[in-house]
Amino acid sequence: MRVHVADHQLISHKLTYLRDKRTDSPTFRRLTEELVTLLAYEATRDVRVERIDIETPLAPTTGIRLASPKPLVVPILRAGLGMLEGMVRLLPSAEVGFLGMMRNEETLQAITYANRLPDDLSGRQCYLLDPMLATGGTLVDAIRYVVDRGADDITAITLLASPEGILHVETQLHDLTIPLTLVTGAVDERLNERGYIVPGLGDAGDRLYGVV
Ligand code: URA
């Protein structure tokens, strides 16, 4: 897996406010969107394009546009939903699918409880959105899910990642033969015994949408 950790003062600045427990939900949501747009810029560096002939007011020229099939953006519910707006702002013509996954807080295993994705993802570039790469269980399952349906290029975008989670994804998916990239705002110190990222930002879903 190619891991790209954002190295940008503006991203670190926004992450600091996101981490701060005094930051309220509306501000947390806005910062999440802004961060995703910044991360998406890097994450879409290799988005597939095709050449197109156009005419400017002065001369014919050749440019590029997003190739078909269009990329598929997949927020992993619930917390990934908070990243969707920031992503489609940069890729308005992308299609959006949804994957509902939650982790069992005792076993820390991921459970798929909903999905709204095309059955056939052959030849699709997929962007998976999940704010926290903690144990890595959810991301591994989500990647397998889209790869089993034919996706052939995966980029996961997270706000924070743990070293343990990155290692888990790399170990579990070592036999993956398609390109896999992780773009993250930061890699934190560690996971605690409850599977939370430390220092982290707490429960991303609760901070976005409140405790339910
Ligand atoms: N999910 C979260 O929302 N936060 C963590 O720290 C770990 C998993």
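**Entry 1: α4 and α5.** I began with α4 (137–148) and helix α5 (residues 163–172), which pack at an angle of about 35° with their axes 9 Å apart; I took helices (H or I, at least four residues) and strands (E, at least two) as DSSP runs numbered from the N terminus. Axes here are lines fitted to C-alpha atoms, for helices over the stretch in contact, and angles run from 0 to 180 degrees between N-to-C directions. Looking up the residues in contact (heavy atoms within 4.5 Å), I found Gly137, Leu139, Val140, Ile143 and Arg144 of α4 meeting His168, Val169 and Gln172 of α5. This contact has four nonpolar, three polar and one charged residues, where Ala, Val, Leu, Ile, Met, Phe, Trp, Tyr, Cys and Pro count as nonpolar, Asp, Glu, Lys and Arg as charged, and the others, Gly among them, as polar.

**Entry 2: source.** I keep in mind that this is a predicted model, in which local features need pLDDT of at least 70 and side-chain atom pairs count only at pLDDT 80 or more, whereas totals for chains, interfaces and linings use all residues. Residues are numbered from 1 along each chain as its sequence is written, and side-chain values use heavy atoms, with hydrogens and water left out.

**Entry 3: α2 and its two partners.** I then looked up helix α1 (residues 9–19), which packs with α2 at an angle of about 155°, the axes being 10 Å apart. That angle makes α1 roughly antiparallel to α2, since angles over 145 degrees count as roughly antiparallel, under 35 as roughly parallel, 65 to 115 as roughly perpendicular and the rest as oblique. α1 passes α2 in a left-handed crossing, and the contact has ten nonpolar, one polar and two charged residues.

On helix α3 (residues 81–90), I found that α2 (residues 25–43) packs with α3 at about 45°, with axes 7 Å apart, and the two are therefore oblique to each other. The contact is made by Thr32, Glu33, Val36, Thr37, Ala40 and Tyr41 of α2, and on α3 by residues including Gly82, Met83 and Gly86.

**Entry 4: cis peptide bonds.** I recorded the bond from Ser68 to Pro69 as cis, with omega near -5°, and placed Pro69 in the loop between β3 (60–66) and β4. The bond from Leu77 to Arg78 is also cis, with omega near 5°, and Arg78 lies in the loop between β4 and α3.

**Entry 5: the largest pocket.** Which residues lie nearest the centre of the largest pocket? I found Ala79, Met102, Arg103, Glu105 and Asp203 there, out of 30 lining residues. By class, the lining has 16 nonpolar, eight polar and six charged residues. On a 1 Å grid over the protein atoms alone, a pocket is an open set of points where a 1.4 Å probe fits, with protein on both sides within 12 Å along at least five of seven lines, and lining residues have an atom within 4 Å of a point.

Conventions:
A crossing is left-handed if the near helix is turned anticlockwise from the far one by less than a right angle, and right-handed if clockwise.
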